[in-house]
Amino acid sequence: MNTIPLKSEAANELYASLSPELRTELANHERSVAVPAGTNLIKRGVLPDQLVIVNSGKVEITLDCAHESILLDCAMEGRVFGMRAVVSGELPEEDVTCQENCSVTLIPRDMFLKMVRQHPEMYFAIAKVLSHDLVMAQRLLKTSLRRPIRKTIAKPLGLPN
Amino acid sequence: MTMAYNFQIIEDCLKCTFREHRLFCDLSREALLRLQSIKATSVYPKGSLLCLEGQPPRGIFVLCTGRAKLSTTSSEGKSMILRIAEPGEVLGLTAVVSGTPYEATVETLEPSQANFISQAEFLRFIQEHPDVGLRVARQLTHNCKCAYGEIRSLGLSNSVPEKLAKLILQWAQHPLEFASKKSQETAIRVTLTQEEIAQLTGTSRETVSRVLGGFRKKGWLRVKGATWTIVNKQALENLVTT
């Protein structure tokens with residue numbers, strides 16, 4: 001990972017619901033890096049050390065299902081990953097992988113949790129990020145009920161149906 | 001004590017005996033007092049629609065008693081059940097927090113009590129009481145985990161017998177209390193119709209009827225009205241390959 005200059009006003013789903021003061025405080029702990037395509041930003045079964053905010057580039061979120069991967073979503077700038085694991089301490093169930101070269105902002109888990117303890121009003125912003133994850137899962141669930149899930153998996157990945 | 005249908009209405013959240021076992025409701029006294037002032041308690045008969053898929057969010061419902069089905073409708077008008085909500089769940093949470101339309105239609109499966117909190121009041125409630133935010137985050141985390149489980153289950157279950165066996169075994173985790181502890185049999189209460197079970201497993205009512213008939217014929221299951229008795233749990237477990 002190469003360190004690149006910090007994006008001062010990074011618009012993302014977490015910061016969008018935080019006060020300017022909290023955004024500034026968080027910015028003191030964040031680090032922006034460039035990552036190559038194929039990088040695993042969040043790895044299933046591994047507690048992330050940091051929150052990951054995508055500043056640019058495309059990532060895919062997949063769920064492991066026996067011998068296959070189910071594509072949950074493709075996401076671009078503004079999405080925040082690792083929130084569920086960071087807040088609950090539970091291991092992530094999904095993989096988040098860069099599909100192209102990306103720029104991401106990292107916020108250390110311990111620092112983020114410390115801030116949440118000091119500023120519990122941050123839970124509202126956290127709930128918004130978690131809601132987004134849930135909406136994404138619910139939409140895939142609906143699509144899967146409407147047609148066989150293998151098609152849901154195969155189509156976005158370009159696999160034969 | 002106010003009774004409705006066959007249950008006691010829980011009007012005062014501070015006196016609710018189920019509170020500490022529920023993901024959302026175990027709040028501080030201060031937050032509970034506030035909740036008490038902003039909630040509207042209602043009792044709904046079976047078949048009541050609490051919210052409709054695609055409708056702008058009006059607020060959340062805390063399901064106190066009873067169960068509800070969360071369903072979605074395809075463009076062809078086919079209804080599919082996403083999951084069954086149990087007492088203690090907060091319904092409409094993602095829509096209210098993210099300001100997007102309700103993701104599912106919620107319909108009570110039996111007489112139920114739900115506490116309604118308007119969107120504006122609930123958002124203020126989260127911001128004013130940190131422990132509410134924490135509970136909301138926990139509930140969302142739990143719901144997301146369940147949704148991932150459902151997605152995996154749909155991706156892995158290939159046959160209808162396997163899907164039905166999985167469902168029955170899932171229900172068996174909450175057996176009826178009167179069942180004999182000595183017996184290897186497990187009694188469960190199933191209030192869903194065969195049509196609803198079909199919607200839940202993504203198949204037709206006829207197929208559900210045929211597969212359940214097969215389970216009965218093999219002596220794995222006894223069905224007497226809404227009481228189902230799992231006679232051969234091992235046989236059902238053997239069907240579940242994933």
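Modeller: Helices (H or I, at least four residues) and strands (E, at least two) are DSSP runs, numbered from the N terminus. By that rule chain A has five helices and nine strands. This is a predicted model: local features need pLDDT of at least 70, side-chain atom pairs count only at pLDDT 80 or more, and totals for chains, interfaces and linings use all residues. Residues are numbered from 1 along each chain as its sequence is written, while chains are lettered from A and ligands numbered from 1 in the order in which they are written.

Colleague: Why is T100(B) called partly exposed?

Modeller: A residue is buried if 20 or more other C-beta atoms lie within 10 Å of its own, exposed if 12 or fewer, and partly exposed in between; C-beta atoms are placed from the backbone. T100(B) has 14, so the label is partly exposed.

Colleague: Where is T100(B) placed?

Modeller: In the loop between α2 (93-98) and β9 (105-108) of chain B. P56(B) is 44 residues away in sequence, yet 6.7 Å away C-alpha to C-alpha.

Colleague: What is T100(B) in contact with, leaving aside neighbours within four places in sequence?

Modeller: V135(A) and A95(B). Contact means that the C-beta atoms, placed from the backbone, lie within 7 Å.

Colleague: What makes up the contact between the chains?

Modeller: Chain B gives 30 residues and chain A gives 31. On the side of chain B, α4(B) has the largest share, 17 residues.

Colleague: How much of chain A is buried?

Modeller: Buried residues make up 40% of its 161 residues.

Methods: Contact = placed C-beta atoms within 7 Å.
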